[in-house]
Every structure is written in C-alpha cells, then in structure tokens.
Amino acid sequence: MHWINWVIVAVYLLVVIGDGLRRTRGTKTMEGYFLAGRRLPWWAVGLSVMATQLSAVTLIGTTGQGATDGLRFVQFYFGLPIAMVVLGVTLVPFLHGAKVYTAYEYLERRFDAKTRSLTSLLFLLSRGMSCGTIIAAPAVVFSAIFGWDLLWSVALMGIPTILYTVLGGVEAVAWADVKQMVVIVAALLAIVVVLIVRFPVPLDDALHLAGATGRLRVFDFSFDLSKTYTFWSGILGGTFLMLSYFGTDQSQVQRYLAARSVDEARSSLLMSAYWKIPLQALVLLVGVGVFLFYAFVPAPLLYNPTHARAVADRAPGELASLEARYGAALSARSAAASATSTAGAEQRSTALQLFARRDAAVDSVRTDALALAARVTGESSRDVNYIIPRFVLDQLPLGLAGVFLAAVLAAAMSSIAAELNSLSTATVVDFYQRWWRPAAPEAELLRAGKLATALWGVFACVVATYAATLGSLIEVVNRFGSIFYGSILGVFLLAMWRRTNAVGAFVGLIAGMVAVGAVSFGLPSISFLWYNVIGVAVVCGVGAIVSLVGGGRPAR
Amino acid sequence: MPSRFRQTLWRVMLVQVVTLLALWMLQSRYAT
C-alpha cells in the first residue's frame, strides 16, 4: 500500500488517542468515568450507539455479503426502529430514572441480588468472549492482506483502543465514536462515488444486471423458521433481538445512561431508528456495486491473498486448470454484461437471462476454487470478507484506501471501546463493589475501573489471537449473544409488571435459558433470530406463573 | 410523553416508510 495511505491511517490513530488523553479531565469521579457525568448531548449519544453497533464486520463482512448475496440481509434490521420506539417508551425511563450505573443494578432494586449477579455474569461471559471476536474479525483480514503476523494486527486495533478507553472512560469513548462515525460514513460514500464514476455502462443498466442475478431482491415474505433472513424474522425476531440488545446489553445501556435527561436518552435511540436501515442498505449496496464493477473488470479467483499464494505453491496444476476455466467464464460474463446494454428492448430480457447464467458459471468455478483453497490450507476460506478490502486496495484512487482502512479501524475500535468500558463497569459495580468492597472509597473504585478496563482489553486481545479460526464473522458475533439475550430481556419485562417477584424472576430466567439452550441444540434448523422470541416468551410465562402462584410481595 | 421524543417519532416513521418504499421500488424495477 502507498505510504500516503499509511500516513492517513497514522494521523487518524493519533487524533483518536490524543483526543482520548485530552478527555481525562472528567474522570476524577466514578460518575464521570463510567457515565460522563450524565451530561452528554443526545446527538453524541446517538452517534455513539450507532458507531458501537457498526463494527468492522459490517464494513468488511456485510459489504462482502452484499457482493455475493445482495440486499436481503437488510431485512435483519427491519425490527430495529420498532424496538427503539418501544424501548424509548418503556425501559429507558425506568433505567435512566433509577440513576443506576448498570442495567443489572436495577434488577436488584426490583428483585434480588442473585438475579442481578446472574444477568451481569451472563453479560460478562458472552460480551467478554465476543469482544475477542470483534477484534479478531478485522485482524484476520488485515493479516492476510498485508502478510503480517496476526499478533500485530490485533495490537494495531487493541492497544490504541485500550489506551483511550482506560484513560478517558466513557466520555472519551463517546466522543471518539462521533469522529469514527464520520470517518466510516465518509469512506462508504467515497466508494459509492468511485463506483458510479467507474461503471462502464449507465447506472440503470448496471442495476438491471444486479437484478438479473437476484441481488436486488430485498423482501422475502415466506414464513419459514429455518430461513434466517425473511421479512417476518426481521420484523418479529429482529425486534426482539434489538429490544434485548439495546435494552439489556450494558454496552448499549451505558450510552444512554450517560445522556442528560430521559428525553435526550430516548432521542439518542431514535437517531439509530432513523438511520440504521438506510445505512445498512447503503453498506449492502456498496457490495452490490463492487459485484457490478467486477462484472466488467476481471476479478481475482481467490480474494484472500494468503490462500491464493498457498494454492499457487501447493497445487499449481489444479490452479492452472481452474484459472483457465475462470478466465473463459469471466470473459463470457463480461461479454454478456456489455451485450445487455446494447440489446434492444425486446432482446433485453433474453440478454439478462444469459448474463445470469454466465454469472452462475463464474460462481461455480469460484466454488471449486474455494473448495481447493480449503483443502490446501485446512481452514475455511471466508473469501467473502476479502472482496471489499481487495477492491479498495486494488481499485480505489490514492488516499481513499487509507480513508477506508481508517474507517475499518474506526469501526473496530468504537465497538471494542464500548465493550471494554461496559465490561469494566459491570465488573466494578456489579461484583467488586457489590460483593467484595461495598464501602470502598470512590478513588479505589475508579482505580479498579481503569484496571478492569485494561485487563478486559488484554483478555479480548488474547481471545482474538486464538479466535482466528472461528466461523463466519458476522454470524458468530450475533449468535453468541442471542442464546441468552432474550432471557435477560424477559426478566426486564417482568420487572415492569408490579405483581411479579424475585423468585418468579429467577426461576423464569433459568427456565428461559434452558429452553433456548434446548432449542439451539435440539432443533438446530430453527434460525437463531427466533431464540430471543422463545427466551422472552418462556421467561415471562414461567416468571409470571411462579410469581402469581407463589403469591410473593408486590413490587416496592 | 416529552416533546422532542414525540416530534422525532413521526419523522422516524416517515423515514422508515420512505426507505422501505425505495427498496420495494428498487426490487420491483430491477429484480426479474
């Protein structure tokens, strides 16, 4: 990569770390360190929530998914605006008004200490592990592209993030998120402009090509529980997933607890509701655009350069025959692509069908190449995550590759920082202060908070170094939380009904987790998006029955 | 319900409807 691109990346890193160091002023008290003194404006909280949720996987994996699979993944987010509105009316006023540090702290006030500790522990376990995968996902791609050792890539993302999160607390994290969000959106828009300028055919013709291969099919109304991305799984499953994530995951809750007032906290969530679906559609459209670009310009057979080298070294004969087939399939496809725009209105549909067949032929050679790469290297290829990085490095004009790289770092760092900060808050408030040192002075808790942030950071980096061989980047991160998210949301919903009690909540929580665990192992065909619906239903049902039968005392 | 939230709510719904409509039009025009 050209040195100017590296300079852009270096400047970005220096600005983020420097800004974090500047914001250490507010970190003299616990409320300052963990909640930015509850004085962040709604728009900063809103951008921070969005930046946290937009990880490097979104920029690398989701764009790649757009290129290979098209737009239907956007259905996953259909429930998000609904969830944000519901949370704004229900949970946010409860949590913000309770003046708590963690969402789980509220559960002790309403129920008892064991419900609080169990939910907080579940958060620490699942988020501690997933923080590792959030670093690992882009680190693996960086290492393969630049030929670095994985440890260096993990350090490039981990060390600056740990530094500004430890020193600046949530205030540094939130303001860094605001800048990071700007870099991310700028990089995405820059790619869109470059793509549109460089299409050899008019945009309308190009979109017809994408449509012919099914990539512009957004809505799938089939009601099939085994399909992950359908309209219904997005609206129902997605709503419950987002309710659980934004309502009970400390990494999100902590953002809006830092807002000035309940109204500002709600408005910050609505900002995500505004922009998430359009932004996600843009991310996927970038992927579709890259697919269209490569319909006219020869694309690499294997996008992952490390795998491409390994195959060239160890199976040169097989590679040569695949390359020959691939070359022929590519030129047939690009001829078919050009033919569609010169065809008259009557021949247009035949020409598009021919293009779709040629595209399928290209895909079939790539499938064989991926199988060969998997056999030679012994690891699953995950080639989809390399499509966009390769396009950026090979095709973008000077400087823009640096901006995109900075954007990937920004996306990774904003997600990691929020996780570290919230993991530290839950560790200190829900465990250290609650169980070991209830009378600890503020200075001690603050020191514990900084130490916990650093330790979780190191833990995440270690996990990242070993998590490299984990499966699909997107689904792993989503799946991890999904097992327990719904059950935890169920407990919060029980908390809002006055007639439930501590025994009901705890028994309900256990029942919900067992039910979701049983479904995920016993009925693997059911898509993970439905786990949260099941979890919420079981926890609320069992919790309500046990509370009513037990006849416990009503809520204070 | 406080003011800013309620004001924003309608705009949020409008943006979602417009986005979904745009995606629907994209699909019906190009997906064959």
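The structure, a predicted model, holds 23 salt bridges over all chains, a salt bridge being a side-chain nitrogen of Lys or Arg within 4 Å of a carboxyl oxygen of Asp or Glu. In this predicted model, local features need pLDDT of at least 70 and side-chain atom pairs pLDDT 80 or more, while totals for chains, interfaces and linings use all residues. Residues are numbered from 1 along each chain as its sequence is written, chains are lettered from A in the order in which they are written, and side-chain values use heavy atoms, without hydrogens and water.

One salt bridge pairs R29(B) with D204(A), with the closest N and O atoms 2.8 Å apart. This pair crosses between chains, from helix α1 (residues 3–30) of chain B to helix α10 (residues 203–212) of chain A. R29(B) has 47% relative accessibility and therefore counts as partly exposed; buried means under 20% relative accessible area, exposed over 50% and partly exposed in between (1.4 Å probe, protein chains only).

Within chain A, D359(A) and R215(A) meet in a salt bridge at 3.4 Å, N to O. D359(A) lies in helix α16 (residues 348–377) and R215(A) in the loop between α10 and α11 (231–248), so the pair ties together parts 144 residues apart in sequence. Both D359(A) and R215(A) are buried. Salt bridges that share partners also join E108(A), R116(A), D430(A) and R434(A) into one network.

Helix α8 of chain A is mostly covered, with 29 of its 34 residues buried; helices here are DSSP runs (H or I, at least four residues), numbered from the N terminus. After α8(A) comes G147(A), whose phi is positive, near 70°.

Conventions: Helix = DSSP H or I, 4+ residues; strand = E, 2+ residues; numbered from the N terminus.
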